[in-house]
Amino acid sequence: MVFFIRRLLLTIPILFLVSVMTFILIHLIPGDPARVILGQEATPEAYAALRHQLGLDQPLIVQYFRWLGGVLHGNLGMSITDHVPVSALIAQRLPVTIELTIGTFLVAALIAFPAGILAAVRKRTWVDYTGSFAALGGMSIPSFWLAIMAIIYFSVKHHWLPSSGYTPLSHSVSQNLIGMILPCFATGVRESAVLMRMLRSSLIDVSTMDFVRTAKAKGLGEARIVLGHVLRNAMIPVVTTSGLLVAGLLGGLVITESIFSIPGFGRLIVESVFKRDYVTVQGAVLVSALLVVIVNLCVDLLYAAIDSRIKLGKAGEA
């Protein structure tokens, strides 16, 4: 409980700094939201009236604390260009990205764990070299190139899967899952390479420890040693990498979302930046930072669940 309280209290200054940095950076971008909305042909009177309506004629510090006051009351503000609450836009887009993130991670884990375990068990054999070469290739191939190749092969040539679009789960579960196969595959392959290399290295390190030699001396089978003893002790760095992977995906899937025309959270941020909708950008980035904090908190909890020697909430905690 102490650990939870400390981490929650630590979240407050982090989110405050994120909000300040986001506010400053978005106002450093050239362009004026009122000019974007009205266009270059607007009269000076109309331009001045819209700036006053949006509060843009106020000093920056007044604009920031006015927005921050709304956030503290649960109001992220009103989108300048879409004229709807920012919280509604985020609630509409964020579940799509979360679904894409979960699917991507599942693809990455399904590839990385068998390949990583096999490469570690058969280290310095052709199996290990082949797996390491494939992982290096996976890390070197850009996700957007793999996405385009997947679209050409699976959609254009064979018509097996849709090339773009998104069907909400509430409309059709089957169509939703079919439509998410290619985006999850295109992004998951690259992420699986990172996970596979980390898992392989960690398994090899743990396999040299004394308790593994003791298990072998007792006559335990290789599969039981690896799955029952080595894998669990090798999971700490893998969990760390997985946490960073998931946190990065939650805010970094904009390219995948753009290629497959998926209306996700990343596209919302990018579209809002181009439209100078700084209220939406501020709210979305703040939520993104909160998600990263939550993911890191979950990673810390997994540490304690995997290794009981790790005690959270004490001095010198992991």
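Which residue forms a salt bridge with Asp210, and how far apart are the closest N and O atoms? Arg213 does, at 2.2 Å. The views below show a predicted model, in which local features need pLDDT of at least 70, side-chain atom pairs count only at pLDDT 80 or more, and totals for chains, interfaces and linings use all residues. Residues are numbered from 1 along each chain as its sequence is written, and side-chain values use heavy atoms, with hydrogens and water left out.

**View 1. Asp210 and Arg213 pair within helix 9.** A salt bridge here is a side-chain nitrogen of Lys or Arg within 4 Å of a carboxyl oxygen of Asp or Glu. Helices are DSSP runs (H or I, at least four residues), numbered from the N terminus. Asp210 and Arg213 sit about one helical turn apart, because 3 residues separate them in helix 9 (residues 210-217). Asp210 is exposed at 54% relative accessibility. Arg213 is partly exposed at 48%. The cut-offs are under 20% relative accessible area for buried, over 50% for exposed, and partly exposed in between (1.4 Å probe, protein chains only).

**View 2. Lys275 forms a salt bridge with Asp82.** Their closest N and O atoms are 3.6 Å apart. Lys275 lies in the loop between helix 13 (265-274) and helix 14 (278-306), and Asp82 in the loop between helix 4 (60-72) and helix 5 (86-121), so the pair ties together parts 193 residues apart in sequence. Lys275 is partly exposed, at 28% relative accessibility. Asp82 is also partly exposed, at 35%.

**View 3. Glu222 meets Arg122 in a salt bridge.** The N to O distance is 3.4 Å. Glu222 belongs to helix 10 (residues 222-233), while Arg122 is in the loop between helix 5 and helix 6 (126-140). The pair links distant parts of the chain, 100 residues apart. Glu222 has a relative accessible area of 46% and is partly exposed. Arg122, at 37%, is partly exposed.

**View 4. Helix 7 has a kink centred on Ile151.** The kink is about 25°, taken as the angle between axes fitted to the seven residues ending at a residue and the seven starting there. Helix 7 (residues 143-157) has 15 residues and should span 21 Å at 1.5 Å a residue; its end C-alpha atoms are 20 Å apart, which agrees. The expected span is 1.5 Å times one less than the number of residues. Leu146, Ala147, Ala150, Ile151 and Ser155 are buried in helix 7. The buried residues of helix 7 pack against helix 8 (173-206) and helix 12 (254-259). Just after helix 7, His159 takes a positive phi of about 60°.

Note on methods:
Helix = DSSP H or I, 4+ residues; strand = E, 2+ residues; numbered from the N terminus. Contact = heavy atoms within 4.5 Å.
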